[in-house]
Amino acid sequence: MFERKSKDENIQKCKDLQKVIKYSFKDLSIMKAALTHKSYVGLFNITKHVYDKNNERLEFLGDSVLGFVVTDYVYKKFKNLKEGELSEIKAHLVCKTALSNVAKGMDLHKYLIHGKGITEQEIKVNDSFLENTVESLIGAIYLDGGLKPAIKFIYKFVIPKDGEIQIKSLKDSKSRLQEILQAKGEVKIEYRLVNTTGPDHDKSFEVEVYCNDKLLGKGVGKNKKYAEQEAAKEALLLVEDKNAI
């Protein structure tokens, strides 16, 4: 009885989320897989296909589809920028914070299928969990309907309408920090890579920024350049608001 009730509830979650994302799956089992965390698999024998066991394989697929679509968007929209600048913009749009905000915007935590050891509230504040689920959902849409609906989803939910404003702020963080610090005299500014985590296709970089060996800020991103920008943002808050140097 409990197993049947759980299955029915999970199918209803899928149907409810379809209304939010404005896409109806031909094969609902693919969507269910995208919403299923590995903590749930094993409780019941609910799947037959390899990709149905949990959303990890779909996350791998979705990450690649997302990367391609955003790269195409950035390349075509920002025609006067160099390769390094394009990479920064792409990283900004697909970083953990951006994707977790996408998930929070659609209350994605309400639709996830997970084991008893994880609560809905824990999912709601776990950016890695939310980021991975957005990527797996993109992978599921691509697998079910092809590239066109995946692109539509990404443009609707991932690429912000005010992207230029956010990108301008991102690009200016390091130079603004440098100007402020150098105005105070001779300084030595260093960005240090302190940690790298995750598989090769989905690495996360942690960077710290120092001024005269004093730690000012930390940042995390999908490449070192973006992580440096995030560290500079945090440092700017400290320098501008608290006059740290």
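This is a predicted model: local features need pLDDT of at least 70, side-chain atom pairs count only at pLDDT 80 or more; totals for chains, interfaces and linings use all residues.
## Overall make-up

The chain has 245 residues, and 43% of them count as buried. Its secondary structure comprises 10 helices and three strands. From the N terminus, the order of elements is α-α-α-α-α-α-α-α-α-β-β-β-α.

Contacts were sorted by sequence separation. Among those between residues at least 6 apart in sequence, 56% join residues at least 24 apart. The accessible surface of the chain is about 13,300 Å². Carbon and sulfur atoms account for 50% of that surface.

## An aromatic cluster

The model has four aromatic pairs. One of them joins Y73 and F78. Their ring centres are 6.5 Å apart and their planes stand at 90°, so this pair is edge-to-face. Both Y73 and F78 are buried.

Y73 also pairs with Y155. Here the centres lie 5.7 Å apart, and the planes are again at 90°, so the pair is edge-to-face. Y73 belongs to helix α3 (residues 56-77) and Y155 to helix α8 (residues 147-157), so the pair ties together parts that are 82 residues apart in sequence. Y73 has a relative accessible area of 13%, and buried means under 20%, so Y73 counts as buried. Y155 has 37% relative accessibility and counts as partly exposed, because that value falls between the 20% and 50% limits. Together, Y73, F78 and Y155 form one aromatic cluster.

## Charges over rings

K174 lies over the face of Y191, at 4.6 Å from the ring centre. R192 places its charged end over the ring of Y210, with 3.8 Å to the centre of that ring.

## Cysteines

How many disulfides does the model contain? The count is zero. A disulfide is a covalent bond between the sulfur atoms of two cysteines. For a pair to count, the sulfur atoms must lie within 2.5 Å.

Are C95 and C211 buried or exposed? C95 has a relative accessible area of 4%, so it is buried. C211 is at 2% relative accessibility, which also puts C211 under the 20% limit, so C211 counts as buried.

## Helix α7 and its end

Helix α7 covers residues 127-145, which makes 19 residues. At 1.5 Å a residue, α7 should span 27 Å. Its end C-alpha atoms are 27 Å apart, which agrees with that expectation. G146 follows α7 and has a positive phi, near 95°.

## Positive phi outside glycine

K22 is not a glycine, yet has a positive phi of about 60°. K22 sits in the loop between α1 (2-21) and α2 (28-34). Its relative accessibility is 61%, and exposed means over 50%, so K22 counts as exposed.

D213 is another such residue: not a glycine, but with a positive phi of about 70°. D213 is placed in the loop between β2 (204-211) and β3 (214-221). With a relative accessible area of 56%, D213 is also over the 50% limit and therefore exposed.

Note on methods:
Residues are numbered from 1 along each chain as its sequence is written. Side-chain values use heavy atoms; hydrogens and water are left out. Rings of Phe, Tyr and Trp (its six-membered ring) pair if their centres lie within 6.5 Å; planes under 30 degrees apart count as stacked, over 60 as edge-to-face and the rest as tilted. Buried means under 20% relative accessible area, exposed over 50%, partly exposed in between (1.4 Å probe, protein chains only). Helices (H or I, at least four residues) and strands (E, at least two) are DSSP runs, numbered from the N terminus. A charge sits over a ring if NZ of Lys or CZ of Arg is within 6 Å of the ring centre and within 35 degrees of the ring normal. Contact means heavy atoms within 4.5 Å. Accessible areas come from the Shrake-Rupley method with a 1.4 Å probe; for residues, only the protein chains shown count as cover. The expected span of a helix is 1.5 Å times one less than its number of residues.
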